[in-house]
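Please walk through this structure for me.

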2 protein chains.
Amino acid sequence: MSKRSTTLASLAAELGVSRTTVSNAYNRPDQLAPATRERILAAAAARGYAGPDPTARSLRTRRQGSVGVLLTEHLSYAFEDMASVDFLAGMAEASAGASTTLTLIPAGPDTVGAPDDAHAAQLVSSAAVDGFVVYSVAAGDAYLEAVRRRGLPVVVCDQPTDSGLPFVGIDDHVAIAPAAQALIDASHARIGILSIRLHRERHDGEVSAAQLAAADMHVQRARVQGALEVLRAAGIEGVPVVTRHINDSRTAYAAAEELLTAHPDLTAVLCTTDSMALGVLAYARDHGISVPEQLSVTGFDGIAPALAVGLSTVVQPNKAKGAAAGHMLADLIDRDAARGGRATAQPAEPPHKLLRTSYHPGSTVARPRGEQLLPGRG
Amino acid sequence: MSKRSTTLASLAAELGVSRTTVSNAYNRPDQLAPATRERILAAAAARGYAGPDPTARSLRTRRQGSVGVLLTEHLSYAFEDMASVDFLAGMAEASAGASTTLTLIPAGPDTVGAPDDAHAAQLVSSAAVDGFVVYSVAAGDAYLEAVRRRGLPVVVCDQPTDSGLPFVGIDDHVAIAPAAQALIDASHARIGILSIRLHRERHDGEVSAAQLAAADMHVQRARVQGALEVLRAAGIEGVPVVTRHINDSRTAYAAAEELLTAHPDLTAVLCTTDSMALGVLAYARDHGISVPEQLSVTGFDGIAPALAVGLSTVVQPNKAKGAAAGHMLADLIDRDAARGGRATAQPAEPPHKLLRTSYHPGSTVARPRGEQLLPGRG
DNA sequence: CTGTTAGCGCTTTCAA
DNA sequence: TTGAAAGCGCTAACAG
């Protein structure tokens, strides 16, 4: 029948001081005699008391000291995507600066109206955080909606682009233009596009203009549309667009195969992602297609392995995005706290920050040789 | 003078039901009439009430639904290290399974007795979690000590190996043997070792046997000693060991330069890390040293880029380690909860799980050509 | 199926 | 400098 364990109160009682005094020993060292403080800390150590219970403390102070992070995918996929890892590194940097902790909410696969929408809401509404950063999710994402309902400060990164919430990202539509233009400048006319999913529902294969217009993955849509626009301006129409649900080089390999088999006359493939471009490169290597002599390839993201192999790509500042999102959220939280948590009409437009991107010429774009491609086995 | 905001109590009052009923609407749907539940949920939605406050709930239930994760380095570095990212992916998987959240504690640089030891303690003791996983830290690490003091369930991954706490890892000493043996088998006699830091204090350069023996980074020590043992058994002594504080290919490049300049007769470099091996490969490429003809190289970890370039290396299951650590911790937490949180003598030995590794032959080990290496510029 | 009664462990005015 | 009182918002018994 031993007592539960040491608490601030029990410690105070044993030492014959008040709870306030013990509390001050931890939170306001200047508010009590150094000697008293020493005595308290020593007694705490002796009893294995590690300091005020964080939960009780948070309940009282209304601060959690943690921000929630929602990554698009099943977390375990997210960690395979270097872009989101870099983003997280940026968030980590910002949070270290703010002496804050990062709470990763593990998202399940995002199937529309799936039974685990409830699960999403559950996880989000029970996270002990002061705010959320939502990274690159589909329009109408269940987690995003749950976050909205929660009513805490939120920063959306990358997408959706029309949430009306504070935002950090890049202008994908504009950012991809140089890649498309590089292809035009090298006088390619038969170009294909490889993109990752435009919709939440799985759909692997070619997509129509209508499907594209209705995409709920705004980032991919902007990249594809941005590229198409440049091509159209150069008089190129009817560009095939093939998508894959997952963003990794293995699935990209299959996508490359599909695209180049269905359209063997292509001289260039523009990818909306470096991972996909890497997959195309692998496919080309395996099939004796030389890059860039027989096939030009461009990517998007600027991940290390892509840069390492000299991919022509658009480089975006993933880590800086994470840091920017982290700081923006910290500001919102501080502002909220300053208002004392009272609901108030938003003072102004929600902040909207666009970071700069740059085109990395690389070495995977060249003039087409004009000879027919005949990709085959072996 | 608007009221603060909706709470479970205020909602109950407005609806003329008891707090329990509202609570049940969220936590025990089967404990009340569906109609009542609907009415409550509807009223909640109307008032923007997102459900029971997580903090208050946790205070009451004594469960946080989150586990703390401590990564060795400044978080932002950790994300550059693929091994720790994979580990995190494994943790994420485990935590998704347990419907648990992951709380990343951003660690500052780990300088001994640094002023931010206090900061470490602060962050650790104020994290709202049910337990911790500590990933690969030095003996005596301030965060680990803080975690210990916290008194919650802990799982240590990789190192330190002598903490006496529940452990998940591999047997590094044994695991590296095949890499060393491969070099011996290829009849190398002049071998150098590149390792990342053996001590918490920065020390870049060659290390003595004494320094090695006193290392507080147990994993690196085990790898170096394991390799040396194999070499010694083959009659090779006086093997130079060069270390670098940071584990990335850029610093490894410099380390390779140092090692090969000081010992131009080496025919093989054994690295305790793939990142370092990749750096050696880059150095060799830039200096016209052909691998494996002029120089054999081995790594450790089995990260994707290393495997992609065919590095001869030891593959360890980072993701599985994360998952194992996550599950072990979940078990400890459950057990703890079952005991009702009462302090009890540990029932038995703390669990200790070693995962299997495998040697990946790759293509960076071959017989030495016997010709003198003359690494030079260009 | 619903309500009543007690706190969970802490911080914070406000006084002494 | 220290103490006493008053909750923060919720859930776990236990009755009804």
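Does B:Asp158 count as buried or exposed, going by its C-beta neighbours inside 10 Å? B:Asp158 counts as buried, with 26 C-beta neighbours inside 10 Å. The cut-offs are these: a residue is buried if 20 or more other C-beta atoms lie within 10 Å of its own, exposed if 12 or fewer, and partly exposed in between, with C-beta atoms placed from the backbone.

## Ground rules

This is a predicted model, in which local features need pLDDT of at least 70, side-chain atom pairs count only at pLDDT 80 or more, and totals for chains, interfaces and linings use all residues. Residues are numbered from 1 along each chain as its sequence is written, while chains are lettered from A and ligands numbered from 1 in the order in which they are written.

## Chain A overall

Chain A has 16 helices and 13 strands. Both are DSSP runs numbered from the N terminus: helices are H or I with at least four residues, strands are E with at least two. The radius of gyration of chain A is 26 Å, well over the 21 Å from the globule rule for 378 residues, so the chain is more spread out than a compact globule. That radius is taken over C-alpha atoms, and the rule is 2.2 Å times the number of residues to the power 0.38. Along the principal axes, the C-alpha atoms of chain A fill a box of roughly 90 × 45 × 35 Å.

Of the 378 residues of chain A, 49% count as buried. Contacts in chain A with a separation of 6 or more are 73% between residues 24 or more positions apart. Two residues are in contact if their C-beta atoms, placed from the backbone, lie within 7 Å.

## Nonpolar core

The largest nonpolar core has 206 residues. Such a core is a set of buried Ala, Val, Leu, Ile, Met, Phe, Trp, Tyr and Cys residues joined through C-beta atoms within 7 Å. The residues with the most contacts inside it are A:Val134, A:Val280, B:Val134 and B:Val280. Leaving aside neighbours within four places in sequence, A:Val134 touches residues including A:Leu70, A:Tyr143, A:Val154 and A:Cys157.

## The seven-stranded sheet

Chain A holds an open sheet of seven strands with mixed pairing, in the order β7-β8-β6-β9-β10-β11-β13. β7 (205-206) and β13 (358-360) of chain A stand at the edges, each with a single partner strand, so one side of each is left without a neighbour in the sheet. Strands pair if DSSP finds at least two bridges between them. β7(A) pairs with β8 (residues 241-244) of chain A in the antiparallel sense, over two bridges. A:Glu206 has A:Val242 in β8(A) as its bridge partner.

Two helices of chain A contact this sheet's strands. Helix α13 (residues 249-262) lies across β6 (191-196), β7, β8 and β9 (268-271) of chain A, at about 155 degrees to β8(A). Axes here are lines fitted to C-alpha atoms, for helices over the stretch in contact, with angles from 0 to 180 degrees between N-to-C directions. Helix α10 (residues 177-185) of chain A has buried residues A:Pro178, A:Ala179, A:Ala180, A:Ala182 and A:Leu183. They pack against elements including β6, α12 (218-233) and β9 of chain A. A:Ser187 follows α10(A) and has a positive phi, near 60 degrees.

## Two copies, one axis

Chain B can be laid on chain A with an RMSD of 0.1 Å, by a turn of 180 degrees and a shift of 0.0 Å along the axis. The two copies are thus related as by a two-fold rotation axis. Superposition is by least squares on the C-alpha atoms of residues with pLDDT of at least 70 in both. In chain B, B:Thr103 comes closest to the axis, at 2.2 Å (C-alpha). The same surface serves both copies, as 95% of the contact residues of chain B recur in chain A.

The contact takes 44 residues from chain B and 44 residues from chain A. Elements giving two or more residues to chain B's side include β1 (66-74), α6 (82-97) and β2 (101-107) of chain B. The largest share of that side, seven residues, comes from α6(B).

The peptide bond from A:Gln159 to A:Pro160 is cis, with omega near 5 degrees. A:Pro160 lies in the loop between β4 (154-157) and β5 (167-170) of chain A. Another cis peptide bond joins B:Val291 and B:Pro292, with omega about 10 degrees. B:Pro292 sits in the loop between α14 (274-286) and β10 (296-301) of chain B.

B:Asp158, not a glycine, has a positive phi near 75 degrees. Its place is the loop between β4 (154-157) and β5 (167-170) of chain B. B:Ser99 also has a positive phi, about 50 degrees, although it is not a glycine. B:Ser99 is in the loop between α6 and β2 of chain B. B:Ser99 is partly exposed, with 13 other C-beta atoms within 10 Å.
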